[in-house]
Amino acid sequence: MKKDVKNEILKTTFQLFSEHGYANVSMRNIADALNMSVGNLTYHYSKKEDLVMAVILDQQENFIPPKTPATLKELDDFLSRRLEKNKNDDYFFKYYGELETISPKVHEIQVEAVKKRKKKLQESFKILQQKGLLNDEEIEGHIDALIDVINMIRIYWMPSQEALSSAKESPMDCLWSIIYPRLTVKGKKAFEEEVRS
């Protein structure tokens, strides 16, 4: 397959999945958007499951991991960028549970992505503790549990959620409301200076 044809198919598929969701896009929709026949599309990708797999693998291949946040400002930027990625990859998060049923490989990619984010946050929180900005754990496993909640908010928050009107545009206040109580006095001062200012 020519690389430019492949890239155009993946780009269009990604756009349609993002706009309409995986379940609401057919091979016919993709072919029509590409101005090609369904037969031509299925020559390259035989079914929609192959296409979503190719889109996810393409994103994974082109993903550049961010550096580990070492300050509260960098942590804020890290969380904001991840949430912006949610908006751009809305179909991946909105249909998180549905996508994992498509194939074991998709589920494996999803799990690995969450594990990588968790590791970055673990490293970040350790650095922040060493700098005296974040309190040590009072209960064993508390930081890991906090990171799990951060990841859950990130995965399941949608810009379109009407029920959470205060977090509709961004759940950053929600995220900081669970991190802030763990900050030391020094950390709270740094938060006001670096993040709130």
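How much accessible surface does the protein chain have, and what percentage of that surface belongs to carbon and sulfur atoms? In this predicted model, the accessible surface of the protein chain comes to about 11000 Å², and carbon and sulfur atoms account for 53% of that area. Of the 197 residues in the chain, 39% are buried.

The chain is built from 11 helices and 0 strands, so that reading along the sequence gives the pattern α-α-α-α-α-α-α-α-α-α-α. When contacts between residues at least 6 apart in sequence are considered, 67% of them join residues that are at least 24 apart.

Thr68 lies between α4, which spans 48-61, and α5, which spans 72-88. Thr68 counts as buried because its relative accessibility is 17%, and buried means under 20%. Once neighbours within four places in sequence are set aside, Thr68 is in contact with Glu74, Lys120, Glu123, Ser124 and Ile127. With one of these residues, Glu123, the side chain of Thr68 also forms a side-chain polar contact of 2.9 Å.

Val149, Met152 and Tyr156 together make a nonpolar surface patch of about 280 Å². Val149 belongs to helix α9, which covers residues 142-156. With a relative accessible area of 33%, Val149 is partly exposed, and it can therefore be part of such a patch, since patches are made of residues with over 30% relative accessible area.

Note on methods:
Residues are numbered from 1 along each chain as its sequence is written. This is a predicted model: local features need pLDDT of at least 70, side-chain atom pairs count only at pLDDT 80 or more; totals for chains, interfaces and linings use all residues. Side-chain values use heavy atoms; hydrogens and water are left out. Helices (H or I, at least four residues) and strands (E, at least two) are DSSP runs, numbered from the N terminus. Buried means under 20% relative accessible area, exposed over 50%, partly exposed in between (1.4 Å probe, protein chains only). A polar contact is a pair of N or O atoms within 3.5 Å; within protein, one must be able to donate a hydrogen and the other to accept it, and residues adjacent in sequence count only if both atoms are side-chain atoms. Contact means heavy atoms within 4.5 Å. Accessible areas come from the Shrake-Rupley method with a 1.4 Å probe; for residues, only the protein chains shown count as cover. Patches are made of residues with over 30% relative accessible area and no salt bridge: like charges are joined within 9 Å, nonpolar side chains (Val, Leu, Ile, Met, Phe, Trp, Tyr) within 5 Å. A salt bridge is a side-chain nitrogen of Lys or Arg within 4 Å of a carboxyl oxygen of Asp or Glu.
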